[in-house]
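Subject: Model handover

Hello,

Here is the structure we talked about. My notes follow below it.

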Amino acid sequence: MRELSVGEAARRAGVAVSALHFYERKGLIQSLRTSGNQRRYAADVLRRIAVIRVAQRVGIPLEAVGRAFASLPPGRPPDKEDWAAMSETWRKELEQRIAQLSHLKDRLTDCIGCGCLSLTACSLANPGDALGAEGGGPRRWAGE
């Protein structure tokens with residue numbers, strides 16, 4: 001299999017070299033080392049990076065990408081079926097997040113003008129007034 005230098009992999013994937021190092025530290029991609037201890041990437045790493053970038057673009061956390069990659073057979077890039085499974089899982093997460101954001105957007109006007117989020121019942125900082133029994137103030141940020 002063809003091996004890519006760090007610079008070539010970064011250029012072809014459209015990311016900075018530092019991004020490759022970051023993805024590697026997170027366990028999302030792997031490099032090989034030459035006898036001179038230089039990183040080399042198998043060409044199929046480009047597909048993993050493409051999946052990572054798409055996931056990041058739509059707001060999927062890197063931890064979720066890592067879980068998805070962990071379910072793949074070792075040494076194989078994601079294929080069409082893998083992508084279908086990953087995207088279905090992520091689609092459900094995105095639908096939940098969209099619903100949460102829509103709910104917050106609809107309640108955002110209640111908070112405009114306050115500026116300090118110290119209302120006793122704040123739909124943003126205190127959803128469902130779960131903390132209202134403890135009194136006013138930004139309970140989640142003020143600590144115990």
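The largest nonpolar core holds 27 residues. A nonpolar core here is a set of buried Ala, Val, Leu, Ile, Met, Phe, Trp, Tyr and Cys residues joined through side-chain atoms within 4.5 Å. Leu20, Ile29, Ile49, Ile52, Val65, Phe69 and Trp90 have the most contacts inside this core. Helices H1 (6-13), H2, H3 (45-57), H4 (62-70) and H5 (80-107) each give two or more residues to this core. H3 supplies the largest share, six residues. Helices (H or I, at least four residues) and strands (E, at least two) are DSSP runs, numbered from the N terminus.

This is a predicted model: local features need pLDDT of at least 70, side-chain atom pairs count only at pLDDT 80 or more, and totals for chains, interfaces and linings use all residues. Residues are numbered from 1 along each chain as its sequence is written, and side-chain values use heavy atoms, with hydrogens and water left out.

Now the charges. The whole structure has five salt bridges (side-chain nitrogen of Lys or Arg within 4 Å of a carboxyl oxygen of Asp or Glu). Arg76, Asp79 and Asp82 form a network of them. Arg76 pairs with Asp79 at 3.2 Å, N to O. Asp82 meets Arg76 at 2.6 Å, N to O. Asp82 is buried at 15% relative accessibility, while Arg76 is partly exposed at 27%. Buried means under 20% relative accessible area, exposed over 50%, partly exposed in between (1.4 Å probe, protein chains only).

Another salt bridge joins Glu88 and Arg91 (2.8 Å, N to O). Both lie in H5, three residues apart, about one turn of the helix.

Best wishes
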